[in-house]
Amino acid sequence: MRDFESSTLWRISAFQRQRDAHGPLPFSRGEGPSLLSTTLLADLRRLELDPAAGDALEVVAACVRHREAALVCLECPPWVWPLTLFPQHQLYHAPRDLPEMQPPPRLAVLRVLGVERPGIRTPGHWLQERGAPGAGRYRPIEPLLWRLAMEGPRRRPLSEIGGRAAYRLAAGALETLPEAGGALRMVISRLKQETAALKSIAVWPGMSLERASRLLNALYLVGALRVSRSHPAARDEPLPRWWQP
């Protein structure tokens, strides 16, 4: 297997052998701090105690919330997908992007294998030439976050926005959102005008509890969601039959 700069993805078995033999994630290298911040580490350790440990969306959301660059290795059978997030710069890096992966990835089965400090830097960094591959592998982060929320494994609201709450579209967000059509576009437009609980959104035309949860997660990750715990419309999050604690 060639270095991280290669566009060839690692197979899961090769990744596990490399990690068992050498410890750190095979894609994490370069100069600078090797540890994540204590605040992000505390969040990640809390997530490890969750019954759904390995939840890819919760881990990505933690990095976005702390605005901290991180290398997240995702199991996307039969491959390991090294995803380097740069939330402050609204970018991410991957040797190959989702549409390029063959066979097409099943995002619903994504699972986190590990999280570390990134071994590459953002474009324009004075050490970028020494530590990162071509700029063509850096892409805007918002479409990725949107797709992970809408197609990934998490079917409930993220812990940061769940519980007793009501939701509304953030001011000025409608014009900058990733493309959404049909019922989703109508729901987004409606959330611009009114504040509603998940329970209410789930019964709007074209929606369900899962689809509403995914949409709220997507809006939150791209910074387009206002969450209120004290609004009169706030209600406890409904628990669907398929959720197991």
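Let's start with I201: setting aside neighbours within four places in sequence, I201 is in contact with Y167, V187, L191, A196, M207, A212 and L216. Keep in mind that this is a predicted model. I201 is also one of the residues, along with L85, W146 and L219, that touch the most other members of the largest nonpolar core, a set of 63 residues.

**The cores**
- As background, nonpolar side chains in soluble globular proteins tend to be buried together.

**The chain as a whole**
- You'll find eight helices and eight strands in the chain.
- There are 245 residues in the chain, and 50% of them count as buried.
- Take the contacts between residues at least 6 apart in sequence: 70% of them join residues at least 24 apart.

**Helix α5**
- Helix α5 covers residues 141–151, and its buried residues are I141, L144, L145, W146, L148, A149 and M150.
- W146 turns up here again, as it is among the residues touching the most other members of the largest core.
- What do the buried residues of α5 pack against? On the helix side, they pack against α3 (56–66), α6 (182–193) and α8 (209–221). On the strand side, their partners are β3 (79–86), β4 (91–93) and β6 (138–140).

**Aromatic rings**
- The structure holds one aromatic pair. It is made by F86 and Y138, whose ring centres are 6.1 Å apart and whose planes sit at 35 degrees, so the pair counts as tilted.
- This pair links distant parts of the chain, since F86 is in strand β3 and Y138 is in strand β6, 52 residues apart.
- Are these two buried or exposed? F86 counts as buried because its relative accessibility is 4%, under the 20% cut-off. Y138 is buried too, with a relative accessible area of 8%.

**R190 and its surroundings**
- R190 lies in helix α6. With a relative accessible area of 34%, R190 is partly exposed.
- Look for R190 over the face of W204, at 3.9 Å from the ring centre.
- Leaving out neighbours within four places in sequence, R190 is in contact with W204 and P205.
- R190 and I201 are 11 residues apart along the chain, and their C-alpha atoms are separated by 9.7 Å.

**E160 in its loop**
- Where does E160 lie? It lies in the loop between α5 and β7 (166–169).
- E160 is partly exposed, at 38% relative accessible area.
- Setting aside neighbours within four places in sequence, E160 is in contact with R65, Y220 and R229.
- E160 and E58 are 102 residues apart in sequence, yet their C-alpha atoms are 9.0 Å apart in space.

**Cysteines**
- How many disulfides does the structure hold? The count is zero.
- C73 is buried, with a relative accessible area of 0%. C76 counts as buried as well, at 1% relative accessibility.

Key:
Residues numbered from 1 in each chain as written. Predicted model: local features only at pLDDT ≥ 70, side-chain atom pairs only at ≥ 80, totals over all residues. Heavy atoms only, no water. Disulfide = S-S within 2.5 Å. Buried < 20%, exposed > 50% of the residue type's maximum accessible area, 1.4 Å probe, protein only. Helix = DSSP H or I, 4+ residues; strand = E, 2+ residues; numbered from the N terminus. Contact = heavy atoms within 4.5 Å. Phe/Tyr/Trp six-rings, centres within 6.5 Å; stacked < 30°, edge-to-face > 60°. Lys NZ or Arg CZ within 6 Å of the ring centre and 35° of its normal. Core = buried A, V, L, I, M, F, W, Y, C linked by side-chain atoms within 4.5 Å.
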